[in-house]
Amino acid sequence: MTTGKRSEIRPGVPAPGMAGRMGASIDARRGVEYRELRAASLVNRFNGRPMPFGWTVNPYRGCEMACRYCYARYTHEFLGQNDPEAFERCVWVKKTNRVALVAELRRARKSGRLVALGTATDPYQPAEARFEVTRRLLEAARDVPGVRLSITTKGTLVARDAELLAEIARGSELSVNFSITTADPALARRLEPRAPRPDLRFGAMAALVGAGIETRLFVMPVLPLITDGEDNLRALLGAARAAGASTAESNVLFLRAGTRETFFAFLAAEFPQLVPEYERLYAGSAYAARRCVAEIEARVSRLSNEAGFPARRLCDRPDDGRRGRQLSLVW
Ligand code: SF4
C-alpha cells in the first residue's frame, strides 16, 4: 500500500522508489486529474497487524468521493503530495499487466488467505468507469478459481460487474461489502460529497444479491454523535436486510494523523458544536474513548439482532485462516 513509514517522508518529496513509478497525466475531468502509476504489483501481501485478510488490492491511489473522514488520505504523502485536497483531486491509476495479475492471484490462492480489494481507496470510484483497473483485476480473478476475494466499496458502479462477479463466485469465495454510514442523503452529501446516494448503494446491493453474490453492510465508520443514533442505525440495518445483505459489521471512526486535521476542519465548519466533544473523545489517540466505542458496539449489535441479522462473534468473521486472533477492520 505504501513504501515506508510516514515519519520517513519529507513534505513535497516522493518516498524512495516512488518517483520512478509516477507517470504522466492521462486525463482530467470534473476538476480531477488522473495520472499513471507503475505499481510494483497490484496484489500486495499484507503483513501488518492482524487483519481479516492476507493480501490487499487498491487499483487507484486517491479517491474523488472525498469522504471527510477518509482513512487513506495520508497515503498521498508517499507521493510527495501533502495538500489534503490532493487526495481527492489527483487520482493515480495503476498500470496492470494481465500475466502478472494472474501470477499474483495464484500466489494469493496458494497462501489460502483472503484478497481484500479496496482496503485503502475505493475500487469503484468514478475513475473506474473510465480506466477499468478493477475490472481487469476481476477478469484475472475469474481465471484463478479458488482465490478468496472480498470487495469493499461505496460505488454503485460495482453493479456493472454483476455478471463477472457471479462468474467468479461460482468458482471462488467472494463477498461484496457496501460501506454505508447514513441513510440520510443530505447528511451523506456533507460527509461523503461525491459518493453515490445511500439509496442507490442499497439498490446496487440488491442487484448483486439478485445475481447470487453475497453482500454485507459495513457501517464504517460510525461517527459518534453524528451517525450513531438509533434511528440512523436502524434505518441502515433494515435497508440492508431488505436488500438481502447476509451480515452487518461496524467500526467506530478512527482518526489517524493525516485524517484528523481534515476531519476536525470539517467539524468546525459543519458541526462546530461537536468540536469540544470530539476533542474529548479523541484526546491524544486515533481511537475514540473506550466507553463510547463499547456503547456504539452494543447498540449496533442489539439493532442488528432486531433487524434479523445473525449474531456475530469475532471468530465468525471472514478471516485469513488465523481464526481466534483479535481482529479489527479499518476503513
Ligand atoms: S470512498 Fe473510501 S477511499 Fe474514497 S474517499 Fe470515501 S472513504 Fe476514502
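Which strands form an open sheet of mixed pairing, and in what order? I looked this up and found four strands in the order β1-β2-β6-β5. I took strands as DSSP runs of E with at least two residues, helices as runs of H or I with at least four residues, both numbered from the N terminus. Two strands count as paired if DSSP finds at least two bridges between them.

Before going on, I noted that this is a predicted model, in which local features need pLDDT of at least 70, side-chain atom pairs count only at pLDDT 80 or more, and totals for chains, interfaces and linings use all residues. Residues are numbered from 1 along each chain as its sequence is written, and side-chain values use heavy atoms, with hydrogens and water left out.

Strands of a sheet pair through backbone hydrogen bonds, either parallel or antiparallel. I recorded β1 and β2 (residues 32–37) as antiparallel, over five bridges. Ser-25 has Arg-35 in β2 as its bridge partner.

**Seven-stranded sheet**

I then looked up a second open sheet, with seven strands in the order β3-β4-β7-β8-β9-β10-β11 and mixed pairing. Its edges are β3 (43–45) and β11 (247–252), each with a single partner strand, so one side of each has no neighbour in the sheet. The twist from one strand to the next averages 25°; axes are lines fitted to C-alpha atoms, for helices over the stretch in contact, and angles run from 0 to 180 degrees between N-to-C directions. Within this order I looked at β8 (residues 149–153) and β9 (residues 174–179), which pair in the parallel sense over five bridges. Thr-153 has Phe-178 in β9 as its bridge partner.

**Aromatic pairs**

How many aromatic pairs does the structure hold? I noted 10. Rings of Phe, Tyr and Trp (its six-membered ring) pair if their centres lie within 6.5 Å; planes under 30 degrees apart are stacked, over 60 edge-to-face, and the rest tilted. Tyr-34 lies in β2 and Phe-131 in helix α3 (residues 127–131), so the pair ties together parts 97 residues apart in sequence. Tyr-34 is buried at 1% relative accessibility, and Phe-131 is buried at 10%. Buried means under 20% relative accessible area, exposed over 50%, and partly exposed in between (1.4 Å probe, protein chains only).

The rings of Phe-263 and Phe-266 have centres 5.8 Å apart and planes at 40°, so this pair is tilted. Both residues lie in helix α9 (residues 260–270), three residues apart, about one turn of the helix. I found Phe-263 buried at 0% relative accessible area and Phe-266 buried at 8%.

I also listed one aromatic cluster, formed by Tyr-71, Tyr-74, Phe-78, Phe-254 and Tyr-287. The charged end of Arg-256 sits over the ring of Tyr-74, 3.6 Å from its centre. For this, NZ of Lys or CZ of Arg must be within 6 Å of the ring centre and within 35 degrees of the ring normal.

**Ser-304**

Is Ser-304 buried or exposed? I found Ser-304 buried, with a relative accessible area of 8%. Ser-304 lies in helix α11 (residues 290–307). Leaving aside neighbours within four places in sequence, Ser-304 is in contact (heavy atoms within 4.5 Å) with Leu-237, Ala-248 and Phe-309.
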